[in-house]
Amino acid sequence: MQANADTIRTVVQEVLAQLGKAPKSSTPARDGDFGVFQSVDQAVAAANEAFKKLSESPLAARATVIECVRRICDEQAEELGTLEFQETKIGRLDHKIEKLKIIKLVPGVEFMRTDAVSGDHGLTVTEYAPFGVIGAITPVTHSLPTLAGNVVNMIAGGNTMVVNPHPNGARIACEGVRRFNRAIYKATGLENLVTIIEKPTLDTAAAIFAHRGVKLLCVTGGPAVARAAMESRKKAIVAGPGNPPVVVDETACLDNTASSIVKGGAYDNNLLCIGEKEVFAVEEIFDPLLDTMSRHGGFQLNSSQIDALSKLAFTPPTKPGDHYHLNRDLVGLDASKLAELIGVRVPAGTQLLFGETDTSNPFVPEEQMMPFVPFVRCRNFSHGVELALEFEHGFRHTSLIHSRNVRHMTRMGREMDTTLFVKNGPSMAGLGLGGQGYLSFSIATPTGEGVTNPMTFTRQRRCVLVDDLRVI
């Protein structure tokens, strides 16, 4: 009788699991706490086992996994965004929430394709296969959104992941992974598609870079970790630093220009790598543009106030060839808080501080990641492009122009040679937020892949049938 009862209980649990309603007791115990591991070896081993299971699953399973991630990011955005804001203490809460809600715009399996060519000698099909386990490094600036966007892209391509998050954003990253994996297991029975190191360090990052079980690296972070990834022996997709300049010529619509600069430069308090970091405006419209900025949520600082803020925000070089060093305590603070630090009160609703500087001010050459944007007066358009090219530093990340002159747009686009080139809009338009295109939080500039998508994380496999299956 006991055997019959056990059998019935097992059958009921299996049926409920297939319906997505398995009772809590049907979930097996996990050493990794739904993908969260203490060691790199454990995390990589679990991700490799998950890759085998995912490879045996139908393509529809990938779509289900991605839907789980998108749904959690959308429905739990307020809670998760608040947790990230409380942990990292940088940026804006409303934008932390919004960055999770827009994960639904990151492309998934619908972006995958198969190429075919037929001719006198038969049929050749090129399919795009996964690499396997991808080692991912995520930044503190967008801890969970970057991770979630990578999950969508990488699993759409058939891969699994092991993540080393930024230590200052590790708790929210781990919580996101737990929630993703719980939902994925309930919907598909697949485990550990995303694994993560609970207490990340430079040593755990190095271990992931060197691990034989990791087949590909994707790094979104600062210059040091980007260099480390590119120096590894593995193929690396690297989202490196940026210092996006804006050029404004005499033909620009000043209202649209000012509105766009405030929207982009103030987004999440200028934590975006694509965000407007410095403006080079021609003499003819310079003063009217500053006046217009004040009508669109900006607050203009005078020269003494800018000097005071610059001294707080940067430490001068200490040796020849060195550069200014950023005060990390100011990164991502609200505009009102930055103003308070120099004894200035700004009107309610102020999103961005701005003011006139010359090119010697450290806010111009450094990627400051705070809501102050310097405006530099230029003789003419050519001078503006010359300065933009100099202070973008050859990162080839993002540049922007406001102009009605198509030839000016063309010339700047060619000379800057940046991965993103946005014309007459805020920086976010370059990622499908107000402009055409798709969203990603990893923009691979040093290694050239650009705005990443599921195809970025695949390798080509060619299948050839000789002399047959051309039916025309």
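Is Arg178 buried or exposed? At 13% relative accessibility, Arg178 counts as buried. The views below come from a predicted model.

View 1. A network of salt bridges links Arg178 and Glu175 with Asp33, Glu79, Arg179 and Glu198. The whole structure has 20 salt bridges.

**View 2. Seven strands form an open sheet.** The order is S11-S14-S15-S10-S9-S16-S17, and the pairing is parallel. Strands S11 (298–300) and S17 (420–423) stand at the edges. Each has a single partner strand, so one side of each lacks a neighbour in the sheet. The twist averages 25 degrees from one strand to the next.

**View 3. Strand S9 runs parallel to strand S10.** Four bridges join S9 (residues 245–248) to S10 (residues 278–282). Val246 stands opposite Val279 in S10. Helix H14 (residues 381–391) lies across S9, S10, S15 and S16. Helix H14 runs at about 165 degrees to S10.

**View 4. Asp255 meets Arg295 in a salt bridge.** The N to O distance is 3.8 Å. Asp255 lies in helix H10 and Arg295 in the loop between H11 and S11, so the pair ties together parts 40 residues apart in sequence. Asp255 is partly exposed, at 39%. Arg295 is exposed, at 57%.

**View 5. Glu283 and Arg377 form a salt bridge.** Their side chains meet at 3.1 Å, N to O. Glu283 is in helix H11 and Arg377 in strand S15, 94 residues apart.

Terms used: Residues numbered from 1 in each chain as written. Predicted model: local features only at pLDDT ≥ 70, side-chain atom pairs only at ≥ 80, totals over all residues. Heavy atoms only, no water. Pairing = 2+ DSSP bridges. Helix = DSSP H or I, 4+ residues; strand = E, 2+ residues; numbered from the N terminus. Axes fitted to C-alpha atoms, helices over the stretch in contact; angles between N-to-C directions. Contact = heavy atoms within 4.5 Å. Salt bridge = Lys/Arg side-chain N within 4 Å of Asp/Glu carboxyl O. Buried < 20%, exposed > 50% of the residue type's maximum accessible area, 1.4 Å probe, protein only.
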